[in-house]
Amino acid sequence: MELSEFEHRVIDAMISGDPDEGVLRNQLCLATVTERNYTDVGVFAKLNAPVSAMRTKMTNRLIQTTPMVYLTHPKLPQGAQAMLLFHNALMSTLECLAFDEDWPEDESKFTVEPYGSLPTSDA
C-alpha cells in the first residue's frame, strides 16, 4: 500500500538536510508500506524500498544518527516523536509515538518540527 500523506510528510521532514538526502529521497519515491499498525500511543509502518533503490552509505544507523522529528497536535499536549529506522541501508520502519496521550485519529492536524525543538518547561 502507499504511504499516507502524514507518513510522507513526516519522512520528508526527517530526511531534509540528511547527508544521504538524495539517496533517501530516491527510497521515499519508491517505498511502499507493507504493514501499518496503530496502537493506543502511536503508529508503526513497515516500509519496503525495493532492492533496486539507491542505498545509504551506512548499512544500519545508530540511534544517534537516526532521523527524528518532533510532532505537535492539538490533542497531544506533550507532543510526539517520529523516527525512521533502517535495515541493509534501506528505510525499514517509521515509528511515531505520543509522549503522554492516546494517538489522535486525525493525523492531518500534526505539525512536524525539528527534533531539537521539544517544548521547554515553564518551571
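Modeller: Start with V33, which sits in strand 1 (residues 32-38). Helices (H or I, at least four residues) and strands (E, at least two) are DSSP runs, numbered from the N terminus. This is a predicted model, where local features need pLDDT of at least 70 and side-chain atom pairs count only at pLDDT 80 or more, while totals for chains, interfaces and linings use all residues. Residues are numbered from 1 along each chain as its sequence is written, and side-chain values use heavy atoms, with hydrogens and water left out.

Biologist: Why is V33 called buried?

Modeller: Buried means under 20% relative accessible area, exposed over 50%, and partly exposed in between (1.4 Å probe, protein chains only). V33 has 2%, so V33 is buried.

Biologist: How far apart are V33 and T93 in sequence and in space?

Modeller: They are 60 residues apart in sequence. In space, their C-alpha atoms are 9.0 Å apart.

Biologist: What makes E5 and R9 a salt bridge?

Modeller: The definition asks for a side-chain nitrogen of Lys or Arg within 4 Å of a carboxyl oxygen of Asp or Glu. E5 and R9 have an N to O distance of 3.1 Å. That meets the cut-off, so the pair is a salt bridge.

Biologist: How do you know that E5 and R9 are separated by about one helical turn?

Modeller: Both are in helix 1 (residues 5-15), and they are four residues apart.

Biologist: Which of the two, E5 or R9, is exposed, and which is partly exposed?

Modeller: E5 is exposed, because its relative accessible area is 53%. R9 has 24%, so R9 is partly exposed.

Biologist: What makes R36 and E7 a salt bridge?

Modeller: Their closest N and O atoms are 2.7 Å apart. This pair links distant parts of the chain, with R36 in strand 1 and E7 in helix 1, 29 residues apart.

Biologist: Is E7 buried or exposed?

Modeller: E7 has a relative accessible area of 2%, so E7 is buried. R36 is partly exposed, because its value is 24%.

Biologist: How do you know that E21 forms a salt bridge with R25?

Modeller: Their closest N and O atoms are 3.0 Å apart. Both lie in helix 2 (residues 21-30), four residues apart, about one turn of the helix. Salt bridges that share partners join D12, E21 and R25 into one network.

Biologist: Why are E21 and R25 called partly exposed?

Modeller: E21 has 25% relative accessibility, so E21 counts as partly exposed. R25 has 27%, so R25 counts as partly exposed.

Biologist: How many salt bridges are there in the whole structure?

Modeller: The search finds five.

Biologist: How do you know that strand 3 and strand 4 pair?

Modeller: Two strands pair if DSSP finds at least two bridges between them. Strand 3 (residues 68-73) and strand 4 (residues 76-87) have five bridges, in the antiparallel sense. L71 has A80 as its bridge partner, and Y70 has Q81.

Biologist: What else does strand 3 pair with?

Modeller: Strand 3 also pairs with strand 6 (residues 111-114), antiparallel, over four bridges. There, V69 has P114 as its bridge partner.

Biologist: How many bridges join strand 4 to strand 5?

Modeller: Eight, and the two strands run antiparallel. L84 stands opposite L94 in strand 5. These strands form a hairpin with two residues between them.

Biologist: What is the phi of N88 and of A89?

Modeller: N88 has a positive phi near 55° and is not a glycine. A89 has a positive phi of about 70° and is not a glycine either. N88 lies in the loop between strand 4 and strand 5, and A89 is in that loop too.

Biologist: Why is D100 called exposed?

Modeller: D100 has 52% relative accessibility, so D100 counts as exposed. D100 is in the loop between strand 5 (90-98) and strand 6.
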